[in-house]
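I opened my notebook to look through one chain. I wanted short notes that I could follow later.

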Amino acid sequence: LATTQFNLRNFAKAESTLMVVFEGRKIDQLSDDEVKTFWKELNHLANIYCRRDTSYLPQAKKILERMINVAYVLRIPDAAKFEVYVTLSLMYCQLAEDKKGLEALETALLLEKSEISDESLANCYKRMGSCLSSLSQYEKAQSCYRESLRISKNLYPEGHLQIGVVLLDLSQCLQQSKNFHESLQASQEALTIARSYPNFPLLPKCKFLNDC
């Protein structure tokens, strides 16, 4: 029924259906198939809310928090939990709850890293750098951006767009901490990469940082 309601884009009813079906049962008594269905539909619902306008962010946050609360009981793999923590962090930051966002990322990094892809790890450290910058903890933020950059350079070919994005974030963080020399170096590297992508949306920002 919930899947049908999703297909009809009646998200509020789909959410109610999921809650009615599963809240009346002991969560640890679900079969493996029911666990997979429950997790899949909750994740689907959270992603839908995340992609709608900002008025839906509280609903997305509520669903993601519920997913974290049941993840350990449902024996959800660490890689799946990791992605939920990172998405939940983004919701917290968009709702101006940066400390909670940082805590979610710190918890994610305590999970078994052998199960988590390098791409996900690079994204997590980049998100953590953003949270720390928002909290004016620039030195810690720079360490996170550098770790994201290290992973990204090992993961992607030279000149890849994602490397340019991390370099740009690092450059901005260095500028905020008044480390202008290193900021210029990072922005110049980002600009070199950005020029290979004519439609790169952050190209003007790269040029601005180089002119500062």
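**Entry: burial, and a leucine**

I started with a cut-off: buried means under 20% relative accessible area, and exposed means over 50%. Partly exposed is what lies in between. I noted that this is a predicted model. Then I looked up L42, which lies in helix α3, residues 32-51. Is L42 buried or exposed? L42 has 0% relative accessibility, so L42 counts as buried. I also checked a distance from L42. The C-alpha atoms of L42 and I63 are 6.8 Å apart, and the two residues are 21 apart in sequence.

**Entry: the whole chain**

How many helices and strands does the chain have? I found 11 helices and 0 strands. Reading along the sequence, I wrote down α-α-α-α-α-α-α-α-α-α-α. The chain has 212 residues, and 45% of them count as buried. Next came the surface. I noted about 11,600 Å² of accessible surface for the chain. Carbon and sulfur atoms hold 50% of that surface.

**Entry: confidence**

I wanted to know which parts to read with care. The average pLDDT of the chain is 83. I also noted that 82% of the residues score at least 70. In which helix is confidence lowest, and in which is it highest? The lowest mean, 52, belongs to helix α11, residues 203-211. The highest, 96, belongs to helix α8, residues 138-155. Where pLDDT is low, the predicted coordinates should not be read in detail.

**Entry: a cysteine in helix α7**

I moved to C131, which sits in helix α7. C131 has a relative accessible area of 1%. That value is under the 20% cut-off, so C131 is buried. Which residues does C131 contact, leaving aside neighbours within four places in sequence? I listed S89, C93, D98, G101, L102 and L105. C131 and L102 are 29 residues apart along the chain, yet their C-alpha atoms are separated by 5.9 Å.

**Entry: two partners of the cysteine**

I picked two residues from that list, S89 and L105. S89 is in helix α5, residues 78-94. S89 is buried, because its relative accessible area is 0%. Beyond four places in sequence, S89 touches G101, A104, L105, R127 and C131.

L105 is in helix α6. L105 also has a relative accessible area of 0%, so L105 is buried. Its contacts, again without residues up to four places away, are V86, S89, C124, R127, M128 and C131. So I noted R127 as a contact of S89 and of L105, because heavy atoms within 4.5 Å make a contact. I also looked up T87. L105 and T87 are 18 residues apart along the chain, with 9.3 Å between their C-alpha atoms.

I turned to the backbone. Most residues other than glycine have a negative phi, and most peptide bonds are trans. What is the phi of A96? I read a positive value of about 60 degrees, and A96 is not a glycine. A96 is in the loop between α5 and α6. A96 has 64% relative accessibility, so A96 counts as exposed.

S136 was next. Phi of S136 is near 65 degrees, positive in a residue other than glycine. S136 is found in the loop between α7 and α8. S136 counts as partly exposed, because its relative accessibility is 49%.

**Entry: the largest pocket**

I finished with empty space. Rolling a probe the size of a water molecule over the atoms shows where empty space is left. What is the volume of the largest pocket? I wrote about 150 Å³. Its lining is E83, E119, S120, A122, N123, K126, S152, Y156 and Q162. I sorted these lining residues into 2 nonpolar, 4 polar and 3 charged. Which helix gives the largest share of the lining? Helix α7, residues 118-134, gives 5 residues.

Technical notes. Residues numbered from 1 in each chain as written. Predicted model: local features only at pLDDT ≥ 70, side-chain atom pairs only at ≥ 80, totals over all residues. Heavy atoms only, no water. Helix = DSSP H or I, 4+ residues; strand = E, 2+ residues; numbered from the N terminus. Buried < 20%, exposed > 50% of the residue type's maximum accessible area, 1.4 Å probe, protein only. Areas by Shrake-Rupley, 256 points an atom, 1.4 Å probe, with all protein chains shown as cover. 1 Å grid on protein atoms, 1.4 Å probe; cavity = no way out; pocket = protein on both sides within 12 Å on 5 of 7 lines; lining within 4 Å. Points joined across faces, edges and corners; volume = space filled by probe spheres on them. Nonpolar A, V, L, I, M, F, W, Y, C, P; charged D, E, K, R; others polar. pLDDT = per-residue confidence, 0-100.
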